[in-house]
Amino acid sequence: MSNISGASSGSSSAHGGGVVGVPRVCWCGAQIVAKLSKSETNPYRRYFRCVYAASNKLMDDNHIFKWVDEALLNEVDSLTSKAERLEQMVKENEIVFDGAEYEKIVYEKVLMEVEKEVFERVETVLMEAKASVKKMMILAIIGCMLIVGFMKLI
């Protein structure tokens, strides 16, 4: 890549401001893909890019571009913040609830967070699997057509 985003020194850009964490969808509705930089300033550095902008080789545009390392640091910061909030909630709830009721509430909150995270990850994996299966089906159909074509020639 020859600096698709115009942000070779390390900053990220997105339509309407920066995106916190790992981007999932661009503002234009296109999916996000992970790419590998080929620029002189950031050789082999991984980044996230809007599929539309990447496929059209757009430069200095407002479509999503974010370095993977920055996105992962954002995710760590976000999780740290969530952990601190949960810790604060635990401290506040210790005063109000007895042990069993408190444990039940904390368990339910943690369970909801975990279920949400698992659901999001499963959804992402399913989308990727569907795309992979679709590609395999197309290849199988093309292969069958080629075999039938060769059979007719013989």
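A disulfide is counted here when two cysteine sulfur atoms lie within 2.5 Å. The model is predicted.

Q: How many disulfides does the count come to?
A: In general, a disulfide is a covalent bond between the sulfur atoms of two cysteines. For C26 the closest cysteine sulfur belongs to C50, and because the two sulfurs are 3.7 Å apart, they are too far from each other for a bond. By the 2.5 Å rule, the count therefore comes to zero.

Q: Is C26 buried or exposed?
A: The cut-off for a buried residue is a relative accessible area under 20%. Since C26 has a relative accessibility of 4%, this cysteine counts as buried.

Q: Which class of accessibility does C144 fall into?
A: Exposed residues have over 50% relative accessible area and buried ones under 20%, with partly exposed in between. C144 has a relative accessibility of 48%, so this cysteine counts as partly exposed.

Q: Which strands are the edge strands of the open sheet?
A: The open sheet has three strands in the order 1-2-3, and the pairing is antiparallel. An edge strand pairs on one side only, and this holds for strand 1 (32-36) and strand 3 (65-67).

Q: Which residue in strand 2 does L36 stand opposite?
A: Strand 1 and strand 2 (residues 46-50) run antiparallel and are joined by five bridges. Within strand 2, the residue opposite L36 is R46.

Q: How far apart do the end C-alpha atoms of residues 136-153 lie?
A: The unreviewed UniProt entry places a "transmembrane region" at residues 136-153. In the model this span is 100% helix and 0% strand, and its end C-alpha atoms lie apart by 26 Å.

How values were computed:
Residues numbered from 1 in each chain as written. Predicted model: local features only at pLDDT ≥ 70, side-chain atom pairs only at ≥ 80, totals over all residues. Heavy atoms only, no water. UniProt positions renumbered as here; feature names shortened; annotations may be inferred. Helix = DSSP H or I, 4+ residues; strand = E, 2+ residues; numbered from the N terminus. Buried < 20%, exposed > 50% of the residue type's maximum accessible area, 1.4 Å probe, protein only. Pairing = 2+ DSSP bridges.
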